[in-house]
Amino acid sequence: MPHEHRQQRAKPVSNTKAVSTRNATFQYWETLLGNRTKRNRAGEMIVQGVRPINLVLESDLEVRAVLITHTNRRSPWASETIAAVQATGAASWLVAPELMTELGEKEEEPPELLLIVAIPADDLSRLPISADALFVALDRPASPGNIGSIVRSVDALGGHGVIVTGHAADPYDPRALRASTGSAIMTPTVRLPGIHPALEWIEKLRADGVEIQIVGTAEDGMHDVWDVDLTKPTLLVTGNEHSGMSAAWKEACDVLTRIPMTGHASSLNAANATAAILYEATRQRRTAGRTTH
């Protein structure tokens with residue numbers, strides 16, 4: 001659904017409540033943006049932006065509420081989106097423009113609408129298993145922006161899901177969602193407290209006949225990335241931005257690969273390195289006549 005800038009007189013929004021002050025309801029929405037603990041305890045995130053909102057409506061994610069800027073004029077896109085959300089039975093809120101500007105964070109003008117969306121379950125069964133399965137495991141990533149950028153690369157380059165292990169930044173942090181430009185909505189992401197649930201999942205897949213390999217990225221990897229067979233089912237592991245992969249992940253890897261580099265840089269950052277290897281996986285699979293997604 002394209003974003004139209006043409007404005008039209010806003011139709012009355014039925015069955016809505018109004019928020020015009022920084023009351024408890026507004027303060028709760030603020031916590032969804034800035035308080036990771038409360039966001040995850042509530043199991044809700046704020047989604048903003050035309051493309052991410054459109055993708056939410058195409059996905060199976062649960063929309064719990066729509067926040068609407070209180071205005072006399074509204075774009076056709078906003079009117080259609082509000083009607084679509086209300087048809088699901090989600091709650092509606094008319095919010096004062098200055099409060100919506102705060103919730104929209106970096107925007108100078110208030111966004112026409114925001115969605116309150118349920119955070120999906122951290123269940124590995126959400127990751128689709130196929131003969132060309134390609135997943136990325138992020139080992140203790142510290143940067144929400146890097147997580148979002150990697151999720152975007154996974155989506156763009158034929159990957160099927162992301163696992164985040166250990167003490168890590170939150171993939172549902174607004175900075176991660178913005179960096180993903182909507183890919184976080186459509187790319188299954190599962191958070192795990194550590195490596196062991198991921199390894200148990202791998203062992204179960206192997207027991208079920210899925211010959212999935214674990215490929216780690218490291219500066220001291222023994223194999224150049226183009227010499228590693230990435231056409232088979234693969235879990236690609238990217239380490240922490242500063243300390244690299246943990247010893248446990250390194251030990252679990254079947255292959256440690258490196259990206260051959262020239263110049264004076266010793267390494268790429270986590271997001272760029274992951275994108276480069278995902279691109280090589282896509283190149284190999286297309287060359288081999290296999291399709292992703």
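Author: Contact here means heavy atoms within 4.5 Å. This is a predicted model, in which local features need pLDDT of at least 70 and side-chain atom pairs count only at pLDDT 80 or more, while totals for chains, interfaces and linings use all residues. Residues are numbered from 1 along each chain as its sequence is written, and side-chain values use heavy atoms, with hydrogens and water left out.

Reader: Which residues is Met45 in contact with, leaving aside its neighbours within four places in sequence?

Author: Met45 belongs to the largest nonpolar core, where it is listed with Val47, Leu113 and Leu115 as having the most contacts. Such a core is a set of buried (under 20% relative accessible area, 1.4 Å probe, protein chains only) Ala, Val, Leu, Ile, Met, Phe, Trp, Tyr and Cys residues joined through side-chain atoms within 4.5 Å. With those neighbours set aside, Met45 touches Leu61, Leu115, Ile116, Val117, Ala118, Ile119, Pro120, Tyr172 and Leu177.

Reader: How many residues does the second, separate core have?

Author: In soluble globular proteins, nonpolar side chains tend to be buried together. The second core, which includes Leu127, Ile163, Val237 and Trp249, has 23 residues.

Reader: What is the reach of helix H6 from its first C-alpha to its last?

Author: Helices are DSSP runs of H or I with at least four residues, strands are E runs of at least two, and both are numbered from the N terminus. The expected span is 1.5 Å times one less than the number of residues. H6 has 13 residues, and its reach, close to the expected 18 Å, is 18 Å.

Reader: Which residue just after H6 takes a positive phi?

Author: The buried residues of H6 include Pro144 and Val154. Just after this helix, a positive phi of about 90 degrees is taken by Gly158.

Conventions:
Buried means under 20% relative accessible area, exposed over 50%, partly exposed in between (1.4 Å probe, protein chains only).
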